[in-house]
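This report describes selected features of a protein model. Please examine the structure below before reading on.

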Amino acid sequence: MIHFENVSKRYPAGREALSGVNFRLEKGEMAFLTGPSGAGKSTVLKLVALIERATRGTVLVGNQNTARIPRRRIPLFRRRIGIIFQDHKLLNDRTVFDNVALPLMIASHRRRELERRVRAALDQVGLLEYEKHSPLSLSTGEQQRVGIARAVASRPELVIADEPTGNLDPDLSLDIMRLFERFNKVGVTLLIATHDLELIDKLQHRRLRLDHGKVVDEPE
Amino acid sequence: MDSIARYFSAHSQNLVGALGRISRQPLGSSMTIAVIAIALALPSGLHVMVNNVRILSGSLESAVDFTVYLDMSVDEESAQVLARDVEARPDVNRAVLIDRAQALVDFRAYSGFGEALDTLEENPLPHALVVRPAGGTQGDVEALARDLDEMQQTALVQLDTAWVERLRSLAELANRAVGIATVLLSLAVVVVIGNTIRLEINNRREEIEVIKLVGGSDGYVRRPFLYLGLCYGLGGGIVAAITTAVGLGLISTPARSLAQLYDSGYRLVGLSAGQTVLLLGGGAILGWAGAVIATARHLRDVDPT
């Protein structure tokens, strides 16, 4: 599903975030991307979502070479990926329902199907009764969960998450990880960036540790 | 079939969304619509005015009365006979004799020289015929005037259609000026709406970024703004049409009085149904165009990449 081949990323300011990163994540796998803050976890995820392009090397997502995707096809490419952001990125002038429904509206799903999927996603993160609320009236943790619901509502093949449990308490964090595991069981490929080592110690999954711009593979 | 329904609902959603956005900021939206309405009302109001002047000058051309002053030697009876003869002509609608006595009375009443006239021993005014041509072109009227001038009893023919000609040329000139003004003001509308849309895009930067991150295409992001521009343009057009109608209503009463003074049943003509549709449609198209330009230039800058 994801294949990084000797990928380097240098930012215009001169900082080299990644130098020669190599890893493969097969379809249906679940892996954690770990490492201290600033190690480049977000950069890896940005390269997968084509928010950034690699300076060197090849990034393959779903067998597509991202370097060959032109600007105007990027939205279509992103529709196949569920992205969970560190700062949730919800739209405050819309309801929780509308926020979660956004990817489905973009893909012009039919109304009934859309409603079904949105409610299913909200139910999975335990926020079904907050459907009509504004994101502003939710706690940070709840906002984060809405972001997760949005990412999974369209049932993408690949879900990438940047610190999804950053604002959640340990119990809730574990619940969310178990939720991810359930997604994984039905075939969703997951790449989760987190620096909560305590949490992932409880879960036995493959870890890709970022160390000075390189990835060290630590299998399960 | 299903895709048509979805296409339709997507566009109607955008339209409703645009109306919602406009209504949520009543003050700002009203100002924008007011500017557009003024920019559209000016050419349409001017066009209506020019149109009316054209119609007026056209109807005046062949309905201008002129006066044939008879020689002082002609007595009243001969004058009456002459009046009947002239009226009998096919190119004459009416010929009314104003005898010397009546002329003096009228003159005294209208001119304000009443007291001065009393000092005169004799009536200095001749008999006169007021002749109304039976239609025809400017050339026909002039030919009639020449004929009447050649009559033995005629002292002077006072034909003054020159002012009608001048009026018509003025109307044509004004029409061209209005055309230029229309083009310039339409550009103004496009610029104003374009700027408003640019500000809207700026206000919604974060929202646009999120939509792009979640897979919204450029078209998806652009559509609400296009509809916003369309609504502004259409709203401006509607207000412009109302303003023009109201303005016309305000001057229609004095205009009718003026027409009656000239013995004319003339009434002001407003915007026809077709012209109103053109105004509304034009506003909408200009609004759409302004939004197209603004989104083409500014949406690209708002990108998470």
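## The contact between the chains

The contact takes 15 residues from chain B and 13 residues from chain A; two residues are in contact if their C-beta atoms, placed from the backbone, lie within 7 Å. On the side of chain B that touches chain A, α1 (2-24), α8 (205-213) and α9 (218-261) of chain B each supply at least two residues. The largest share, 5 residues, comes from α8(B). Helices are DSSP runs (H or I, at least four residues) and strands likewise (E, at least two), numbered from the N terminus.

By class, this side of chain B has 7 nonpolar, 4 polar and 4 charged residues. Ala, Val, Leu, Ile, Met, Phe, Trp, Tyr, Cys and Pro count as nonpolar, Asp, Glu, Lys and Arg as charged, and the others, Gly among them, as polar.

## Basis of the model

This is a predicted model, in which local features need pLDDT of at least 70 and side-chain atom pairs count only at pLDDT 80 or more, while totals for chains, interfaces and linings use all residues. Residues are numbered from 1 along each chain as its sequence is written, and chains are lettered from A and ligands numbered from 1 in the order in which they are written.

## Helix α5 of chain A

Of the 14 residues of α5(A), 12 are buried, that is, with 20 or more other C-beta atoms within 10 Å of their own. Among them are A:Val146 and A:Ile148. The buried residues pack against β6 (81-84), α3 (96-106), α4 (111-124), β7 (158-162) and α6 (170-185) of chain A. Just after α5(A), A:Arg155 takes a positive phi of about 50°.
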